[in-house]
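Student: I would like to go through this structure by question and answer. Can we start from the terms and then move to the packing?

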Amino acid sequence: LRKILEAGRWAPSGANTQPWSFLVIRNRETIARLAETYVTERQQIIRHHLEKSPQYFRRAELYTLQVEALPKEVGCVVVVLGDARIVKYYPFMKVVEGSPRLRERLRAVPEVPDQNDLFYSRPFIPRGGLEIWMASLAAAIQNMQLATWSLGYGTIWGTVYPLLEEAIRRLCRVPEHQEPMAVLPIGKPLD
């Protein structure tokens, strides 16, 4: 577990801010409650996508596979927390020069996410800082996943949606400035 956490700690981050902290959950009851919430929420997402449109069938199928891929014998769950206070220290992205294609792609990205989406709960963070912050956290998560598998264990990258976030905050007393961004259940792989 130390090697896995160390791999996350050594991940690159924007401006070397290292905006993460890692919460290790070993309590069997807490893990069971979080797993139940995770599966329930994923089932809600699957129903949501299927009701929204048949074109979302593939997305619903992927969420089903994600639930089925959970390690069967979880030794612990690592919750990756992002310190939202750090976002303000990142520079805003301005495309002054660069490829026309990149400028066009950035213009096409909505400034504010769709607030009506059933599974969007996080407050809007100004563009630029959000991308750098999330990329930094993603690097730490990826490093931990790679370390986990290289050590012979299994994990998945579980995205935190509103129900799971609420459960994590309630069960683990996570401070308001910390955003639960991912859960990594670590255990014996399926094969």
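Tutor: One term comes before the rest: contact means heavy atoms within 4.5 Å. Keep in mind that this is a predicted model.

Student: Which residues does T148 touch, not counting residues up to four places away in sequence?

Tutor: T148 sits in helix α5. It is buried, because its relative accessible area is 1% and the cut-off is under 20%. Leaving out residues up to four places away in sequence, T148 touches I4, Y153, G154, T155 and I186.

Student: How many helices and strands does the protein have?

Tutor: Read the elements from the N terminus: α-β-α-α-β-α-α-β-α-β. That comes to 6 helices and 4 strands.

Student: What percentage of contacts between residues at least 6 apart join residues at least 24 apart?

Tutor: The protein has 191 residues, and 40% of them are buried. Now take the contacts between residues at least 6 apart in sequence. The share joining residues at least 24 apart is 78%.

Student: Which element gives the most to the largest nonpolar core?

Tutor: The largest nonpolar core has 19 residues, and V78, V80, L137, M144 and L184 have the most contacts inside it. Two or more residues come from each of α1 (2-9), β2 (73-83), α5 (129-150) and β4 (178-188). The top contributor, with 7 residues, is α5.

Student: Which residues does V78 touch, not counting residues up to four places away in sequence?

Tutor: V78 is among the residues with the most contacts inside the largest core. Set aside residues up to four places away in sequence. V78 then touches L1, L5, F22, L23, V24, M144, A182, V183, L184 and I186.

Student: Are α1 and α5 roughly parallel or roughly antiparallel?

Tutor: Two packed helices are described by the angle between their axes and the distance between the axes. Here the axes of α1 and α5 come within 7 Å and cross at roughly 150°. Angles over 145 degrees count as roughly antiparallel. So α1 and α5 are roughly antiparallel.

Student: Is the crossing of α1 and α5 left-handed or right-handed, and what makes the contact?

Tutor: The crossing is right-handed. By class, the contact has 6 nonpolar, 3 polar and 1 charged residues. It is made by K3, I4, L5, A7 and G8 of α1 and A140, N143, M144, A147 and T148 of α5.

Student: How far apart in space are M181 and L137?

Tutor: M181 lies in strand β4. M181 is buried, at 13% relative accessible area. M181 and L137 are 44 residues apart in sequence, and C-alpha to C-alpha they are 8.0 Å apart.

Student: What separates the C-alpha atoms of G129 and G14?

Tutor: G129 is in helix α5. It counts as buried, because its relative accessibility is 3% and the cut-off is under 20%. G129 and G14 are 115 residues apart along the chain, with their C-alpha atoms separated by 9.3 Å.

Student: Which elements do the buried residues of α6 pack against?

Tutor: In α6 (residues 162-172) the buried residues are L164, E165, A167, I168, R169 and C172. After α6 comes R173, with a positive phi near 50°. The buried residues of α6 pack against β1 (20-25), α2 (28-52), β2, β3 (158-159) and β4.

Terms used:
Residues numbered from 1 in each chain as written. Predicted model: local features only at pLDDT ≥ 70, side-chain atom pairs only at ≥ 80, totals over all residues. Heavy atoms only, no water. Core = buried A, V, L, I, M, F, W, Y, C linked by side-chain atoms within 4.5 Å. Buried < 20%, exposed > 50% of the residue type's maximum accessible area, 1.4 Å probe, protein only. Axes fitted to C-alpha atoms, helices over the stretch in contact; angles between N-to-C directions. Parallel < 35°, antiparallel > 145°, perpendicular 65-115°, else oblique. Left-handed = near helix turned anticlockwise from the far one by under 90°. Nonpolar A, V, L, I, M, F, W, Y, C, P; charged D, E, K, R; others polar.
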